[in-house]
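Colleague: Could you walk me through this one? I have not seen it before.

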Amino acid sequence: MKLLMTASQIRGLPVVTVREGEDVAEVRDVIYDPEAGRLVGLSLNQRGFLAGRRREVLPAESIHAIGQDALMVLDESSLVAPADAPDDVAHPATERNVVGDDVLTEGGTSLGKVTDLVLLVGSTGDVVGYQVDKAGGGQGYIPLPAQLAISGVALVVPNITEDFVEDDLVGLGAAVDEFRARLGLS
Amino acid sequence: MSESFRQAIGRKVVSRASANELGSVRQLLVDAQQRRIAAVVIGRGKKAQLVEWEQLSGFGPDAVMVVDEGALRPPADDRERNGVDGNLDLLGKRALSERGNELGKIDDVTFDTDTGALEDLVIGDRRVPAGALLGSGSYAAVLDKSQEV
Amino acid sequence: MMSAVGWLIVAIIVLVVAVVIFVIARRRRRGGGVIATRGKR
């Protein structure tokens, strides 16, 4: 049974240092690699109600843990200047927002349009599912394998995903392990 | 002897050399890395002063004894000023696990009056050993993942 | 001193300026959302 949260819930979380107990930034954008099934990094805002953007970015390797109330880093040196970060974190293609993309099975069935990502609470950025607006209407949650194919504006998933469309995050949490076992993955 | 921060707040602070009362304990500043009391804060606002733990000759149940009045000093740097302003106070501090989940607020802290070493953090109805404290600052006290409920 | 109408106009201008500052500052924080890298390899 896994505890899950959406990428939208991560945006706006304080970035807190383990060693100093300081809220050094806030999460702005969540940057995701669909092929790897993981976050590659985050862009940041300064803390404070009207404060602007923060120059530094946070590569996923430097995330200590993503929790329900805060995103933890070891210390402020985990936040790096864009020049020192991987290119897809420093300069994400902001027009490539995954929200709104169609999810297709390998067999060509549409499972809906992506409205959010679903991540594992406590991990450093493992994406375990999508929240979708279902093709037939209503909201659903589908589990993802560790890696998947992407092409153009569609995200392609294995055929058996169709059997695992859940109604809520709790259902998805229960489904992920069984889904991956069925695929023959750990 | 074991005492708690809430028991100690308000206790009078006396100079051993002159027997003069210098004020009362307003806050206990902590070194989170070493998990011990670093200093005692007396007074408030611009008049706030602190006494380092090493300058105490005793932390008794009725009075905190300071070696002499010269041991009192104003905050020396930004971190001490921040501490004196109450931003680093463990009492009431948000307790956050290193996994990013809130565990509650620190209601009290127990310590050894001989050494100043922290013993337990009281969070709601739980007692967490001070050894679980990884770091503490103005936003939160961060606790080891073993303390996740 | 100004008439009551004069003060009312000043108050409205101050309110409008405050709202504009607020909206601009909040929009600066919004960002792109959830972004996927694609075709980078």
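Modeller: We can go through how two of the chains meet, keeping in mind that this is a predicted model.

Colleague: Okay, how many residues does the contact take from chain C and from chain A?

Modeller: Chain A contributes 35 residues to the contact, while chain C contributes 17 residues.

Colleague: And how much area do chain C and chain A bury between them?

Modeller: The two chains bury about 2,200 Å² between them, and 48% of that lies on carbon and sulfur atoms.

Colleague: Switching to charges, how many salt bridges does the rule find across the interface of chain C and chain A?

Modeller: The rule finds one salt bridge across that interface, and in a salt bridge the side chain of C:Arg29 meets that of A:Glu26, at 2.3 Å from N to O. Across the interface of chain C and chain A there are also 12 residue pairs in polar contact, with both residues at pLDDT 80 or more.

Colleague: Which element gives the most to the side of chain C that touches chain A?

Modeller: That is α1(C), which gives six residues; both α1 (4-30) and β1 (34-36) of chain C supply at least two residues each to that side. By kind, the residues on the side of chain C that touches chain A divide into seven charged, five polar and five nonpolar.

Colleague: Now strands: which strand of chain A is joined to β1(C), and by how many bridges?

Modeller: Strand β3 of chain A, residues 23-33, is joined to β1(C) by three bridges, and the two run parallel.

Colleague: What is the bridge partner of A:Ile31 in β1(C)?

Modeller: A:Ile31 has C:Ile35 as its bridge partner there.

Terms used
Residues numbered from 1 in each chain as written. Chains lettered and ligands numbered in written order. Predicted model: local features only at pLDDT ≥ 70, side-chain atom pairs only at ≥ 80, totals over all residues. Heavy atoms only, no water. Contact = heavy atoms within 4.5 Å. Buried area = accessible area lost by both parts, 1.4 Å probe. Salt bridge = Lys/Arg side-chain N within 4 Å of Asp/Glu carboxyl O. Polar contact = N/O pair within 3.5 Å; in protein donor to acceptor, adjacent residues only side chain to side chain. Helix = DSSP H or I, 4+ residues; strand = E, 2+ residues; numbered from the N terminus. Nonpolar A, V, L, I, M, F, W, Y, C, P; charged D, E, K, R; others polar. Pairing = 2+ DSSP bridges.
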